Amino acid sequence: MREVHPVGREVHPVGRTELLEAAWRQLRDGGGVLLSGPPGIGKSTLVRALAEDAARAGWTVLGCGPAEAERHLPYLALVDLLTPVGDGPIDALPGPQRDALRAALLRGPRRPEQADQLAVRLGALYLLRGLARAAHPEPVLLVLDDVQWIDPASAEVLAFVARRGGTLPLRVVAAERTLADAAVGHRLSPPPLREIPVPPLPRSAYDALLREEIGAEFPAHLVERIHAASAGNPFYAGEIARALLRLDELPGPGRPLPVPGRLRHLMRERLGGLSAPALSTLLLAAVAARPTRALLAAAHHGDLDSDLAEAAAARVATIGPDGILRFSHPLLAATLHDDASPELLRQAHARLARAAADPVQRARHLALAGYERDESVAATLMTAATAALARGAPGSAAELALLAADRTPADRTGLAADRRLEAAAAALAAGRRELAADAAHTVLATATSVRRRVRARLALWDAAGQGAPRAGELLEQALAEAGDDGALQAPVRVRGALMRIVEGRPDLCAEEAEVAAGLATAAGDHTTAVQALCARAYAEVLLGRAEATGTRRRAVRLQPHPPGPPASPVPVPRTHPLHNGPEHLDAVLHLLRGEVAEARTALRSLMTTAEQRGSLDDQHGLLALLVIAELRAGHCRSALDTARRGVRLMEDAGLELSNVLYPNALAEAVGGDTGRALNLAVRGVELSKTLGDRLSELRSLAAWGVAALLAGDPHGALEPLRRARALEERMGVRNPAVFAWHGDLAEALLATGEEAEARELVRATRARYRQSGLRCPPIGLERAAALCTSTAGADRAAAELTALANRQAAEPLPVEYGRTLLALGTVERRRRRRAAARTALRRAAETFTRAGAVGWLARVDAELARTGAPREVPGPRAAASLTETELLVARLVAEEGVTNREAAARLYLSVKAVEANLTSVYRKLGVRSRTDLADVLPEPD
């Protein structure tokens with residue numbers, strides 16, 4: 001399947017020359033490559049070709065190619081990736097990172113503590129930095145095939161490295177299925193990353209493909225039919241061609257070809273030529289999570305080398321350089337598994353259980369080797385579940401705990417129920433709510449213990465997510481079963497309090513939470529008491545009560561230490577301290593006080609912890625506030641990336657989107673596409689109403705109003721913002737700083753001639769700030785107050801806006817500062833002071849450019865056009881016109897001050913290429929010097 005490259009020296013897969021040249025240019029120029037496409041399209045072949053090219057060029061190449069069965073085994077992809085790295089570089093790492101990384105790579109004692117996860121990530125980062133320095137001047141290339149199967153723990157390590165590897169000579173080439181369960185490829189490469197969809201092969205490539213792949217020539221009309229039947233998929237084409245060769249005669253016109261719909265049958269035919277011993281060996285590989293040669297040798301009975309040679313000759317499976325057996329297509333393994341009898345499968349798992357060194361693998365195979373109930377097997381599975389949870393793999397922990405429950409002896413039904421509840425808790429943390437609900441339903445159907453039944457009902461309520469208001473009867477039933485037991489009542493009442501918040505009744509939340517805190521404290525359940533007090537404090541924030549800070553202090557006093565990992569897979573409720581605990585509450589209070597940097601730091605730390613734990617539920621709860629903090633801090637591109645990633649994450653997990661649609665709408669409005677923002681906000685309103693989630697509905701209405709303002713439609717902003725005002729009144733929210741949409745409504749009112757209503761809104765909102773004991777209204781309201789005076793006197797409005805802008809210049813709120821400058825420029829234009837207007841507007845443009853606030857930059861453009869002068873400072877749209885190489889050259893030259901020769905060395909370009917790119921950058925951005933260039937480049941995320 002190889003063809004001669006046009007220059008006569010390189011070799012490339014058939015029909016993919018241009019694609020590979022583009023990918024190689026991207027890698028050579030300092031970027032990453034993500035190859036995407038459906039199964040069988042040839043992504044793995046392309047990845048291997050690029051890896052070979054890199055190795056020939058003298059690059060250090062590290063690779064992994066996980067399989068679907070490996071997804072639940074933490075760090076296995078990292079093990080494969082770093083297998084070629086000897087112990088020396090790892091031993092040179094600092095002690096904590098060295099020990100944690102060795103444990104993760106199965107080269108040292110296991111340390112299951114949660115804190116080791118950060119050490120593993122740092123260890124991998126430091127290790128790759130060291131390898132890159134040793135390889136200089138050539139880069140290190142990470143080859144990640146089938147990234148959709150990378151286990152979450154390894155994926156998070158690679159994402160951690162990617163976020164911090166922008167300055168390293170580190171390249172990534174990855175392949176990912178377009179129909180993968182969870183898109184992860186974009187997170188695993190340092191920027192800039194180029195995604196290259198792998199297209200179907202053209203008809204022109206099929207003759208060479210079939211000749212090289214099958215070793216046969218077909219008539220042209222039959223090649224046409226093979227191309228049409230396979231839809232350009234080279235794997236399907238090869239299978240169809242092999243099936244054709246088995247026929248006594250080729251099908252004539254009008255006779256059907258074997259097509260991809262019969263692919264399973266083709267898989268069976270392909271396997272049919274193998275001997276029974278080879279098939280037995282391949283069945284071992286098919287059921288193994290990580291079929292290394294060593295594992296197969298330990299579990300094998302017979303001549304392993306002969307079996308592997310037979311499989312390789314038939315192109316069914318081969319052993320790679322990393323020692324792992326991989327099938328040429330996953331359907332081959334699936335066919336082997338599906339066609340095997342239950343007895344054969346049990347025998348295969350039993351052999352692998354005896355051979356496996358890893359306790360998680362051993363426990364899994366032990367459980368699948370037989371269906372007898374055995375407490376020793378169940379206990380082993382629970383030990384493995386504990387290890388998986390500590391590694392940040394709650395989904396794997398849930399599956400192992402469920403297997404343990406199934407293997408628990410029939411006379412120990414209480415223990416089996418406890419294990420199912422522990423599985424449900426881990427599944428909730430992983431965002432696998434259906435799995436949690438199934439486990440809880442099983443407990444309810446069999447358990448007689450009041451404690452277990454209450455816990456099961458709480459797990460079902462947690463699994464309802466944002467739809468919990470519609471599942472309120474579960475809490476009523478749980479409370480009834482709890483009776484007078486305060487210890488059981490407390491967690492029920494905490495959830496009831498949180499449900500009142502979602503329903504828009506913060507007053508009832510405060511009352512219910514105080515009762516729950518008292519019951520939990522009396523029972524010695526400090527974790528539940530902390531959650532209850534944090535819920536009460538948040539309700540008090542909404543209600544504008546000054547005692548929120550005191551309630552928060554009560555919660556901190558009860559919290560013995562910062563939230564950490566559970567020592568065993570214990571129930572993890574939806575009120576997990578990460579997103580409803582003191583640290584999260586602190587971030588809320590920081591934002592209300594305008595301490596954006598502190599809020600952003602706290603939220604990023606919490607999100608990192610949630611990612612380390614593998615807790616999708618926590619990430620879901622933290623996402624919205626993190627996006628808002630990023631936007632207020634002027635990191636609009638980061639906010640947009642976080643918001644979009646959050647939506648993908650929730651969609652992939654099948655979780656409700658009402659909690660992530662409104663931050664996504666805000667991020668799109670300010671830093672992305674305004675039309676998309678409007679659609680997201682409207683969708684958020686509709687979904688929140690359906691779920692009975694008044695809190696998300698209010699936020700989505702506010703996002704709708706902002707998006708309409710940015711779209712230049714103040715009339716369109718009035719409806720959602722007025723609805724937000726009415727809903728806030730019905731909810732009894734008295735603290736205007738929580739949602740801070742009032743300034744936007746005042747701006748829309750002024751733009752539509754509703755000046756009296758705008759002034760009344762500003763007056764009433766200011767009064768609420770004073771009643772809430774807040775130091776001062778937010779900038780948006782102050783700006784609106786200044787604009788309200790413009791109808792009475794433009795001079796006064798200009799003076800107030802100028803004073804406000806001067807004060808803001810020293811405050812870390814770039815987008816709000818830019819909006820004040822935009823308002824000042826508008827007022828100055830109306831005063832016919834065009835020079836002053838242009839000065840303010842251009843300063844606004846610079847501010848929005850650096851923040852990546854594309855939406856507000858468009859408003860500046862429109863206002864500048866009314867002054868008769870174009871904007872001189874290019875914004876994100878101009879910068880976006882730069883190629884990836886041009887942007888890299890521009891950043892090195894402008895921000896690091898390197899010479900052209902130094903830039904050429906660091907980017908592996910010629911000096912002339914750097915000069916040509918720099919000339920193009922100057923032309924596109926309209927600047928003449930390196931100093932000017934530094935002023936107009938957008939801030940990197």
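Let's start with Cys509: its relative accessibility is 0%, so it counts as buried, a label that means under 20% relative accessible area, with exposed over 50% and partly exposed in between (1.4 Å probe, protein chains only). Cys788 is buried too, with a relative accessible area of 7%. Across the whole structure, a search turns up zero disulfides, where a disulfide is a pair of cysteine sulfur atoms within 2.5 Å.

Keep in mind that this is a predicted model, in which local features need pLDDT of at least 70, side-chain atom pairs count only at pLDDT 80 or more, and totals for chains, interfaces and linings use all residues. Residues are numbered from 1 along each chain as its sequence is written, and side-chain values use heavy atoms, leaving out hydrogens and water.

Stepping back, the protein has 941 residues, and 57% of them are buried. Its secondary structure comes to 48 helices and nine strands; these are DSSP runs numbered from the N terminus (helices H or I, at least four residues; strands E, at least two). Of the contacts (heavy atoms within 4.5 Å) with a separation of 6 or more, 67% join residues 24 or more positions apart.

Now zoom in on helix 42, residues 834-851. Its 18 residues should span 26 Å at 1.5 Å a residue, and the end C-alpha atoms lie 25 Å apart, which agrees; the expected span is 1.5 Å times one less than the number of residues. Among the buried residues of helix 42 are Leu841, Thr847, Phe848 and Ala851.
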